[in-house]
Amino acid sequence: MPIVRSVVLLLICAMTAVDHSRDFELLHALVIGTENVKGFLDGTTGLAAAMMTQATGDRIECAVMVHPRRRGAIISGSSEDAVLFEGTGQGRGGGPRATALQTRTIVVVRDVCSEPGWRQYCEAITDLGCCSVLAVPLDLGSGGEAVLDFFAPETALFTAEVIEDVQAFAGIAGQALRVELRIMFAELLTGNLKAALESRTTIDLACGMIMALNRCSQNEAFDILRRASIARNQKLHSLAQEIISNVSGAEEITTHFDA
């Protein structure tokens, strides 16, 4: 799997601006060096926060909330404060992140105290010591939705130059996250298929035992198993395991598939 990740990201590199080659290298290392999407996001937000801190001269926190296709949201941040900022006040009243997702554009709040909209959000984030916010959507294609959110302790730190830099970084990060999500979906599919095969094998073994005991066809054996499952209000796979255990004396059923 690391080889596949490297090849895909090398293709991304060909489309990446030279000025941000270092960002690519670091994100590439995250993709091949982390075990899952959460680990990748932890590293990405830390990298983004460090980049923005250097660009602005003040400590910037970064958080991201990813909504993979047909999966639950994943939240990550450069620190505990960043995660707290990310989950604050963007409910009913909305906020920069929700607007960035809806409009697919960068949203800048240079001074939350003077922001006319999102009153609930601005009050909540101000109480936590945040004075300005930058929300940058990531392009994940059909893989899901995500926004990189940056939080600053001072106003007016997100200048046009800083926003231009973070937009370039977000382009690379979005492509890398696409790869990470595709790997996640592929691994989930592999796991689901393996579980399905294991379940099917257990049921087929139980049917074979029923065939031998009742001298019936496979279809008849499966119908016997199915009716018994309904009568006992027991899952078909669970009943099949019980039958095999009773006949073979083995407490666990082991199936063998190549990884």
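**Figure 1. Thr 56 in helix 3 of the predicted model.** Thr 56 counts as buried in this predicted model, because its relative accessibility is 17% and the limit for a buried residue is under 20%. The residue has its place in helix 3. From Thr 56, the side chain reaches the backbone oxygen of Met 52, at a distance of 2.9 Å. When neighbours within four places in sequence are left aside, Thr 56 is in contact with Leu 157 and Val 162.

**Figure 2. Thr 44 in helix 3.** Thr 44 also belongs to helix 3. Its relative accessible area is 5%, and Thr 44 is therefore classed as buried, the limit being under 20%. Between Thr 44 and Ala 63 there are 9.2 Å in space, taken from C-alpha to C-alpha, and the two residues stand 19 apart in sequence. Thr 44 is also one of the residues that line the largest cavity, which is the topic of the next view.

**Figure 3. The cavity of the structure and its lining.** One cavity of 30 Å³ or more is found when the whole structure is searched. The volume of the largest cavity is about 50 Å³. Its lining is made up of Phe 40, Leu 41, Thr 44, Thr 45, Val 64, Leu 138, Leu 148, Ala 173 and Leu 177. Two or more lining residues come from each of helix 3 (37-56) and helix 7 (160-214). Of the elements, helix 3 contributes the most to this lining, with four residues. Sorted by class, the lining of the largest cavity holds seven nonpolar and two polar residues, and no charged ones.

**Figure 4. Confidence along the chain.** The chain has a mean pLDDT of 78, and 75% of its residues reach 70 or more. Confidence is highest in strand 4 (residues 132-138), with a mean of 94. The lowest confidence in the chain belongs to helix 1 (residues 2-14), where the mean is 39. Across residues 1-18 the pLDDT stays below 50, and this stretch has 25 contacts in the model beyond near neighbours in sequence.

Definitions and conventions
Residues are numbered from 1 along each chain as its sequence is written. This is a predicted model: local features need pLDDT of at least 70, side-chain atom pairs count only at pLDDT 80 or more; totals for chains, interfaces and linings use all residues. Side-chain values use heavy atoms; hydrogens and water are left out. On a 1 Å grid over the protein atoms alone, a cavity is a set of points where a 1.4 Å probe fits but cannot get out, and a pocket is an open set with protein on both sides within 12 Å along at least five of seven lines; lining residues have an atom within 4 Å of a point. Grid points are joined across faces, edges and corners, and a volume is the space filled by probe spheres set on the points. Ala, Val, Leu, Ile, Met, Phe, Trp, Tyr, Cys and Pro count as nonpolar, Asp, Glu, Lys and Arg as charged, and the others, Gly among them, as polar. Buried means under 20% relative accessible area, exposed over 50%, partly exposed in between (1.4 Å probe, protein chains only). A polar contact is a pair of N or O atoms within 3.5 Å; within protein, one must be able to donate a hydrogen and the other to accept it, and residues adjacent in sequence count only if both atoms are side-chain atoms. Contact means heavy atoms within 4.5 Å. pLDDT is the predictor's confidence in each residue, from 0 to 100.
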